[in-house]
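Open the model in your viewer and keep the selection panel at hand.

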Amino acid sequence: MKIIKSRIFKALVILFVIGFILGIISYFIINNNDIDENIYNYFELIKQGNFNYLKSLFNSIILNNKWLFFIWISGILLISFILIPFIIIYKGISLGIIFISLMLTFKIKGIILFILLLFPSVLINEIIYIFCGYYSLNFSMKTYNSIKKNKLINIKSFYNNYFYIYIIFTIVLIISSIIEIYVSSNIIKNIL
């Protein structure tokens with residue numbers, strides 16, 4: 001795929017990996033008791049059958065699409081070069097903290113829980129954020145270059161394509177949220 005071979009895409013993946021490593025390191029620096037307790041309580045809710053699926057689904061859809069919207073809108077506002085690296089690193093840090101917390105709280109079972117949380121929903125989300133980051137950066141560069149060179153472009157089709165990409169990613173994130181809440185949580189319930 002042309003996108004995966006691009007330098008922008010590779011840079012975003014590297015930023016995500018750096019964020020993941022920083023998340024693991026920062027876990028030992030910050031007060032991690034609250035993180036461990038929140039994760040433990042989350043799993044206890046699932047285990048005891050007190051997990052509110054509908055509310056969790058709604059929260060997951062809102063949260064996932066909030067990040068997508070920030071990435072997408074930064075391309076239109078031409079601030080993607082500032083915002084997107086921070087979002088991608090932040091997402092990596094969050095995942096790194098969850099990973100190390102699960103490992104230390106649940107030991108070997110924590111690795112299994114992380115894999116269940118990661119596949120497929122969280123992995124899909126992170127891939128979508130990286131792809132959207134690529135399109136956002138690409139969109140910003142094309143817009144900036146056309147303004148700088150005073151070059152005419154077909155604005156309508158340019159923005160339409162960018163909007164359609166956002167709609168497709170939004171739908172994928174909604175499906176991912178459904179998988180995360182209904183499928184992954186039920187698998188986790190059987191493991192715990």
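Select asparagine 65 and show its surroundings: leaving aside residues up to four places away in sequence, this side of the tour brings up Thr170, Leu173 and Ile174, which asparagine 65 touches. Keep in mind as you look that this is a predicted model.

Now extend the selection to residues 53–76. This is helix α4, and asparagine 65 lies within it. Is asparagine 65 buried or exposed? Its relative accessibility is 12%, and because buried means under 20%, asparagine 65 counts as buried.

Next, colour the whole chain by secondary structure. Followed along the sequence, the pattern reads α-α-α-α-α-α-α.

Along its principal axes, the trace spans about 60 × 35 × 30 Å.

With everything in view, turn to contacts. Among those in the chain with a separation of 6 or more, 85% come from residues 24 or more positions apart. The pairings of asparagine 65 with Thr170, Leu173 and Ile174 make a handy example to keep on screen.

As for burial, 42% of the 192 residues count as buried.

For a last stop, select the charged side chains. There are 16 positive and 6 negative ones, and the centres of these two sets lie 23 Å apart.

Definitions and conventions:
Residues are numbered from 1 along each chain as its sequence is written. This is a predicted model: local features need pLDDT of at least 70, side-chain atom pairs count only at pLDDT 80 or more; totals for chains, interfaces and linings use all residues. Side-chain values use heavy atoms; hydrogens and water are left out. Helices (H or I, at least four residues) and strands (E, at least two) are DSSP runs, numbered from the N terminus. Buried means under 20% relative accessible area, exposed over 50%, partly exposed in between (1.4 Å probe, protein chains only). Contact means heavy atoms within 4.5 Å. Lys and Arg count as positive and Asp and Glu as negative; His and the chain ends are not counted. The place of a charge is taken as NZ of Lys, CZ of Arg, CG of Asp or CD of Glu.
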